[in-house]
Amino acid sequence: MANHKSSVKRIRQDKTRTLHNKYYAKTMRNAVRKLRAMTNKDEAVALYPKVQKMLDKLAKTNIIHKNKAANLKSGLAKHINKLS
């Protein structure tokens, strides 16, 4: 167990932040999964900006790496362009 007040607080804060980050990362993964599953191009084009915004925000706050966000956006754009 931690010996200092500050380390006890740090553990408490880390637990809260971890839960917060996990929630947003899971939400992002579900949104990406939903977009990849789409077969209608119009719906996919409408949803893409929302997913893109989500990825950019998560990369900005270091929940995911900026290169991961870029790779996901690129892959999703390719997927949308393949749809007919």
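**Note on helices α2 and α3**

1. In α2, Lys41, Ala44, Val45, Tyr48, Val51, Gln52, Leu55, Asp56 and Ala59 are in contact (heavy atoms within 4.5 Å) with Lys66, Ala69, Leu72, Lys73, Leu76, Ala77, Ile80 and Asn81 of α3. The residues of this contact comprise eleven nonpolar, two polar and four charged; Ala, Val, Leu, Ile, Met, Phe, Trp, Tyr, Cys and Pro count as nonpolar, Asp, Glu, Lys and Arg as charged, and the others, Gly among them, as polar.

2. This is a predicted model, in which local features need pLDDT of at least 70, side-chain atom pairs count only at pLDDT 80 or more, and totals for chains, interfaces and linings use all residues. Residues are numbered from 1 along each chain as its sequence is written, and side-chain values use heavy atoms, with hydrogens and water left out.

3. The angle between α2 (residues 41-60) and α3 (residues 66-82) is about 175°, and their axes are 10 Å apart. The two helices are therefore roughly antiparallel (an angle over 145 degrees). Axes here are lines fitted to C-alpha atoms over the stretch in contact, and angles run from 0 to 180 degrees between N-to-C directions.

4. A kink of about 30° occurs in α2 at Leu47, shortly before the proline Pro49. The bend is the angle between axes fitted to the seven residues ending at a residue and the seven starting there.

5. Buried residues (under 20% relative accessible area) of α2 are Ala44, Leu47, Tyr48, Val51, Leu55, Leu58 and Ala59. They pack against α1 (5-37) and α3.

6. Asn62, in the loop between α2 and α3, has a phi near 60°, a positive value in a residue other than glycine. Asn62 is exposed, at 66% relative accessible area (the cut-off is over 50%).

How values were computed. Helix = DSSP H or I, 4+ residues; strand = E, 2+ residues; numbered from the N terminus. Parallel < 35°, antiparallel > 145°, perpendicular 65-115°, else oblique. Buried < 20%, exposed > 50% of the residue type's maximum accessible area, 1.4 Å probe, protein only.
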